[in-house]
Amino acid sequence: MTVIVLSGPVGAGKSSLTAILSKYLGTKPFYESVDDNPVLPLFYKDPLKYTYLLQLFFLNTRFHSIKKALSDDNNVLDRSIYEDSLFFHMNADIGRANDLEVQTYDELLESMMKELERMPKRHPDLLVHINVSYETMISRIQKRGRSYEQLSFDPTLEDYYKRMLRYYEKWYDDYNYSPKMMIDGDHYDFMASESDRTEVLDQITQKLKQVGKLPKNWHAGEIATESIEFSS
Ligand SMILES: Nc1ncnc2c1ncn2[C@@H]1O[C@H](COP(=O)(O)OP(=O)(O)OP(=O)(O)O)[C@@H](O)[C@H]1O
Ligand SMILES: Nc1nc(=O)c2ncn([C@H]3C[C@H](O)[C@@H](CO)O3)c2[nH]1
């Protein structure tokens, strides 16, 4: 059993690479709740009011999918639970949660992490982090087109996204729950370029081999983008 989690800021390409990677490895993709998330548009409209609710919503849905993923067969998840805390603390740092909310959230997260420690597999086998520059992040957010994430919807998102990239830098450096690797999301267009896709998949399989976690009975093959089911 092999569990891979993707990490990275908004628009980095986690869901896209999750779809590609899970198809390539013949494993199951797990996506975070976005289009069926009733709190997300409310949060972007009024972050002060909805930060806490959104955070609880994500923690709850992520917890359920992780429990499934860690007890199931081989899996790929499009974001890690370890990033939830990054998001919440970043929002708290800009005044969107008070001390009591931070304390309660941290305690809840700690209890949930303890619960996960009791699963057959405690942590993922590999974290694949997609690193992107601010320019790439914005162009991908525009390309995907969720209205509430656009700078035209809220110009203060520029600061929010730049802050997010800074927090992610430290977060990735500190991450030590599993082996980890970084993909250069500025350089590789694994959506449109077959050779880029091959190279990225190669980097990931090399790393899986190195850590002894390449799924058993798996053989490398080519995958065409048309054959992949991307999440919306
Ligand atoms: N390496 C890439 N090269 C070119 N386009 C990409 C790449 N990765 C993702 N994209 C495009 O960028 C957009 C955002 O990608 P995706 O939805 O996978 O990001 P994400 O990291 O899952 O974002 P979020 O965390 O906000 O859900 C999509 O339109 C996707 O087609
Ligand atoms: N505030 C906040 N906390 C989270 O834990 C969190 N996780 C994801 N997101 C936002 C980023 C994308 O817009 C969108 C899809 O990733 O959802 C979050 N926002």
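**Ligand shells, helix packing and core**

The shell around ligand 1 comprises six nonpolar, six polar and six charged residues. In this classification Ala, Val, Leu, Ile, Met, Phe, Trp, Tyr, Cys and Pro are nonpolar, Asp, Glu, Lys and Arg are charged, and the others, Gly among them, are polar. A residue is near a molecule or strand if its C-beta atom, placed from the backbone, lies within 6 Å of it.

A word on provenance. The model is predicted: local features need pLDDT of at least 70, side-chain atom pairs count only at pLDDT 80 or more, and totals for chains, interfaces and linings use all residues. Residues are numbered from 1 along each chain as its sequence is written, while chains are lettered from A and ligands numbered from 1 in the order in which they are written.

Which residues come nearest to ligand 1? Of the 18 residues around it, they are G13, K14, S15, S16 and R140. Helix 1 and helix 6 each contribute at least two residues to that shell. Helices (H or I, at least four residues) and strands (E, at least two) are DSSP runs, numbered from the N terminus.

Is E149 buried or exposed? E149 is buried, because 20 other C-beta atoms lie within 10 Å; the cut-offs are 20 or more for buried, 12 or fewer for exposed, and partly exposed in between, with C-beta atoms placed from the backbone. Leaving aside residues up to four places away in sequence, E149 touches V10, Y44 and I141; contact requires C-beta atoms, placed from the backbone, within 7 Å. E149 and P41 are 108 residues apart along the chain, yet their C-alpha atoms are separated by 8.8 Å.

Next, the helix pair. Helix 3 and helix 4 pack at an angle of about 170°, with their axes 11 Å apart. The axes are lines fitted to C-alpha atoms, for helices over the stretch in contact, and angles run from 0 to 180 degrees between N-to-C directions. The two helices are therefore roughly antiparallel, on a scale where under 35 degrees is roughly parallel, over 145 roughly antiparallel, 65 to 115 roughly perpendicular and the rest oblique. From helix 3, P47, T51, Q55, F58, L59 and R62 meet D84, F87, F88 and N91 of helix 4. This contact holds five nonpolar, three polar and two charged residues.

Finally, the core. The largest nonpolar core has 31 residues, of which I4, L21, L77 and V128 touch the most other members. Such a core is a set of buried Ala, Val, Leu, Ile, Met, Phe, Trp, Tyr and Cys residues joined through C-beta atoms within 7 Å. The elements giving two or more residues to it include strand 1 (3-7), strand 4 (126-131) and helix 8 (194-210). Helix 1 provides the largest share, six residues.

L77 touches V5, L6, F30, S65, I66 and A69, not counting residues up to four places away in sequence. I66 belongs to helix 3 and is buried, since 22 other C-beta atoms lie within 10 Å. I66 and F30 are 36 residues apart in sequence and 8.6 Å apart in space, C-alpha to C-alpha.

How values were computed: Contact = placed C-beta atoms within 7 Å.
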